[in-house]
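Subject: Model for your review

Hello,

Please find the sequence and structure below.

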Amino acid sequence: ETDGTYPVTLTVKRNGNVLSQKTEDKTVVAFSGHTYYVSSVSGSDSNNGTSPTTPFATYKKGIDTLFAQNVNGGAGRQVLFKRGETFTNDFSYAGSGGSIFGNKVGPYMIGAYGTGAKPIIQTVGSNVSPLGLNTTTKDVRVVDIEFRGPTGGSFADIYPAGQHYLFFRSKSSLLHRGLSNGSQRKTDNLLVDSEFTNHGDYEIY
C-alpha cells in the first residue's frame, strides 16, 4: 500500500440508520522488510524467491518461508503471489487443537503482485487448512488473496487464532468454514472489504 496519512471513517448503522460516526486521520507506513515472490507458472521452489524474475513456485514454499524461524533476521516479511494465477495446496496448516505456526510476531503479509485478478489459493483434499495461525502469533495481514476450498471439505478452514490480524480485500469460498477460530477468537482482528461465501458449515466461526 502507499504510505501517507488518510482520513478513516467508522460508521455504525442499524437497519440502515446511522447510529454513530467517527473520523480520524491514520498514518500508513510503507512495508519495510524482506519480500518473496511466488508464481505457479514461471517459478521454481529451487529459486531464491527474492525477485519477480526468480520466484518460488508453490504456495507451501511461500508460506513456509514467510514463517520460517531464521530467514533474513526474523519478522518483517511478506510473500506475494502472482495475480491471475492459481496455486494448489494440499498441505494443512492447522491440525487437531490448533496450528503449526506459533510464537510468531510480525509484521507478516500475504499479498499479491502483478496485474489482473486476485491470486487463487485452491485447497484440495479433506482436512486441509490453507492458513492456520496459533494463539501466540501476532500481526499477520492477508491482502488481495482468494482462498477456495474443495467444495466444503471436512475441517478445511482458514484458522487465525492469534491477535492483530487483518483480512483486506480478500475472499474465501467452498471451505468447511470460511474463517474459523472458535473459542480462541480475539477482539482485535479486522475484516475489511472481504467476502466469505458458500462454505460448508459457517462463513465466520
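Phe67 and Tyr108 are both buried (under 20% relative accessible area, with exposed over 50% and partly exposed in between; 1.4 Å probe, protein chains only). This is a predicted model, in which local features need pLDDT of at least 70 and side-chain atom pairs count only at pLDDT 80 or more, while totals for chains, interfaces and linings use all residues. Residues are numbered from 1 along each chain as its sequence is written, and side-chain values use heavy atoms, leaving out hydrogens and water.

Aromatic pairs

The structure holds 5 aromatic pairs (rings of Phe, Tyr and Trp, the last by its six-membered ring, with centres within 6.5 Å; planes under 30 degrees apart are stacked, over 60 edge-to-face, the rest tilted). One of them is Tyr36 with Phe56, stacked at 6.1 Å centre to centre and 10 degrees between the planes. Tyr36 lies in strand β3 (residues 34–38) and Phe56 in the loop between β3 and α1, so this pair ties together parts 20 residues apart in sequence. Strands (E, at least two residues) and helices (H or I, at least four) are DSSP runs, numbered from the N terminus. Both Tyr36 and Phe56 are buried.

Phe67 and Tyr108 form a tilted pair, 4.8 Å centre to centre with 50 degrees between the planes. Phe67 is in the loop between α1 and β4 (77–82) and Tyr108 in strand β8 (residues 105–113), so the pair ties together parts 41 residues apart in sequence.

Helix α1

In helix α1 (residues 59–66), the buried residues are Tyr59, Gly62, Ile63, Thr65 and Leu66. Seen down the axis, they fall within an arc of 165 degrees, so they line one face of the helix (the arc is that of the directions from the helix axis to the C-beta atoms).

Regards
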